[in-house]
Amino acid sequence: MGGMSEELPAYAERVLEVAERIPPGRVMTYGDVAEWLGEGGPRQVGRVMALYGAAVPWWRVVRADGRPLPGSERRALEHYRTEATPLRLTVEGEARLNMPRARWDGREERAERDEGHI
């Protein structure tokens, strides 16, 4: 995220860095991001994504229920289909993320990052 502005709050920068690390075809919930960072909560992550998320793959940070971001459903679904993100259909025929298959916990990357600091 080398082009980040110096004016960006430190917490926001950390949230956006996590969003950039999520691999194509995978997602993290707002709560997952907060847990990964060890600070804040889902609402704080959601606020950061609402204010600054356009600079990163915003569609990869989602609500825990697997619904695409309200108001951006069409754009999010286009990204999910392009990236082959696992989806499912509800009984009403609505597309939702298949959270058990799409969710990324970052363990592999965290292990690699921690090994680099030994």
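At roughly what angle do the axes of helix 2 and helix 3 cross? Before I answer, a word on the model. This is a predicted model, in which local features need pLDDT of at least 70 and side-chain atom pairs count only at pLDDT 80 or more, while totals for chains, interfaces and linings use all residues. Residues are numbered from 1 along each chain as its sequence is written, and side-chain values use heavy atoms, with hydrogens and water left out.

I begin with the overall layout. The chain contains six helices and four strands; here helices (H or I, at least four residues) and strands (E, at least two) are DSSP runs, numbered from the N terminus. Along the sequence, their order is α-β-α-α-β-α-β-β-α-α. The chain has 118 residues, of which 41% count as buried. Buried means under 20% relative accessible area, exposed over 50%, and partly exposed in between, with a 1.4 Å probe and protein chains only. Among contacts with a separation of 6 or more, 57% join residues 24 or more positions apart, a contact being heavy atoms within 4.5 Å.

I now return to the opening question. Two packed helices are described by the angle between their axes and the distance between the axes. The axes of helix 2 (residues 30-37) and helix 3 (residues 42-52) cross at roughly 105 degrees and come within 8 Å. Axes are lines fitted to C-alpha atoms, for helices over the stretch in contact, with angles from 0 to 180 degrees between N-to-C directions. The two helices are therefore roughly perpendicular, the class for 65 to 115 degrees; under 35 is roughly parallel, over 145 roughly antiparallel, and the rest oblique. Helix 2 contributes Tyr30, Gly31, Val33 and Ala34 to the contact, and helix 3 contributes Pro42, Val45, Gly46 and Met49. By class, this contact has six nonpolar, two polar and no charged residues. Ala, Val, Leu, Ile, Met, Phe, Trp, Tyr, Cys and Pro count as nonpolar, Asp, Glu, Lys and Arg as charged, and the others, Gly among them, as polar.

In helix 2, the buried residues are Tyr30, Asp32, Val33, Ala34 and Trp36. Just after this helix, Gly38 takes a positive phi of about 75 degrees.

Next, the core. The largest nonpolar core has 30 residues, and Val45, Met49, Val61 and Tyr80 have the most contacts inside it. Such a core is a set of buried Ala, Val, Leu, Ile, Met, Phe, Trp, Tyr and Cys residues joined through side-chain atoms within 4.5 Å. Helix 1 gives the most, with six residues.

Met49 lies in helix 3 and is buried, at a relative accessible area of 9%. Its contacts beyond four places in sequence are Val15, Leu16, Ala19, Tyr30, Val56, Trp58 and Val61. Met49 and Ala12, 37 residues apart in sequence, are 8.2 Å apart, C-alpha to C-alpha. Val61, with the same exclusion of residues up to four places away, touches residues including Ile22, Met28, Val33 and Val45.

How many aromatic pairs does a search of the whole structure find? The search finds one. Trp58 and Trp59 pair edge-to-face, at 5.6 Å centre to centre and 90 degrees between the planes. Rings of Phe, Tyr and Trp (its six-membered ring) pair if their centres lie within 6.5 Å; planes under 30 degrees apart count as stacked, over 60 as edge-to-face and the rest as tilted. Trp58 is buried at 14% relative accessibility, and Trp59 is buried at 13%.

Finally, Ala84 has a positive phi of about 60 degrees although it is not a glycine. Ala84 sits in the loop between helix 4 and strand 3 (87-89) and is exposed, at 61% relative accessibility.
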